[in-house]
Amino acid sequence: MPESHSPIRQPLVNHSAGSVTNWLRALERGDEDAAHRLWERYTDEMHKVAQRRMRRLKRQDIVDEEDIVITAFADLCLAARNGQLAGVANRDELWAMLIVITNRKVGKRVQYVEAAKRAPDMLLDQVERRDEF
């Protein structure tokens, strides 16, 4: 698929109807198997989203997409555990949310690295950080 297309429209692996929604609800209950299944389902596409965002920002050199994907997925799991995903009704809404989280993680990481270059003695906790949710 050409790079110019929105990642939200990319075809994802075909799973039986409702499986992603069921995994999401199970994740909310703390089911580790559901987390693993969602990880397997979405991380390859999340990597692609992060890579495209880094290319647009021309910052592939300073951001590791693996770190971005891991932290974005961790945020999803935390949000599920805290009951913040009740409004996510299906896999399309989940995928849209993962795109937003992933893109924000790239942006935040770029901001952090650029701030650290300007003030190398600044500690991580002194850099402004915002929750994704």
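## Asp 75, a buried acidic residue

In this predicted model, Asp 75 has a relative accessible area of 17%, and because residues under 20% count as buried, Asp 75 falls in that class. Asp 75 is part of helix α3, and its side chain is joined to that of Lys 105 by a polar contact of 2.8 Å.

## The nonpolar cores

The helix that holds Asp 75, α3, also takes part in the largest nonpolar core, which has 26 residues. The residues with the most contacts inside this core are Leu 27, Leu 38, Tyr 42, Leu 76, Leu 85 and Leu 94. At least two of the core residues come from each of α1 (19-28), α2 (32-57), α3 (65-81) and α4 (91-118), and α3 gives the most, with seven residues.

In soluble globular proteins, nonpolar side chains tend to be buried together.

## Helix α2 from start to end

At its start, a side-chain oxygen of Asp 31 comes to within 2.8 Å of the backbone nitrogen of Asp 33. Further along, α2 bends by about 45° at Tyr 42, a residue that is also listed among those with the most contacts inside the largest nonpolar core. Just after the helix, Lys 58 adopts a positive phi of about 55°.

Terms used:
Residues numbered from 1 in each chain as written. Predicted model: local features only at pLDDT ≥ 70, side-chain atom pairs only at ≥ 80, totals over all residues. Heavy atoms only, no water. Core = buried A, V, L, I, M, F, W, Y, C linked by side-chain atoms within 4.5 Å. Buried < 20%, exposed > 50% of the residue type's maximum accessible area, 1.4 Å probe, protein only. Helix = DSSP H or I, 4+ residues; strand = E, 2+ residues; numbered from the N terminus. Polar contact = N/O pair within 3.5 Å; in protein donor to acceptor, adjacent residues only side chain to side chain. Bend = angle between axes of the 7 residues up to and from the residue.
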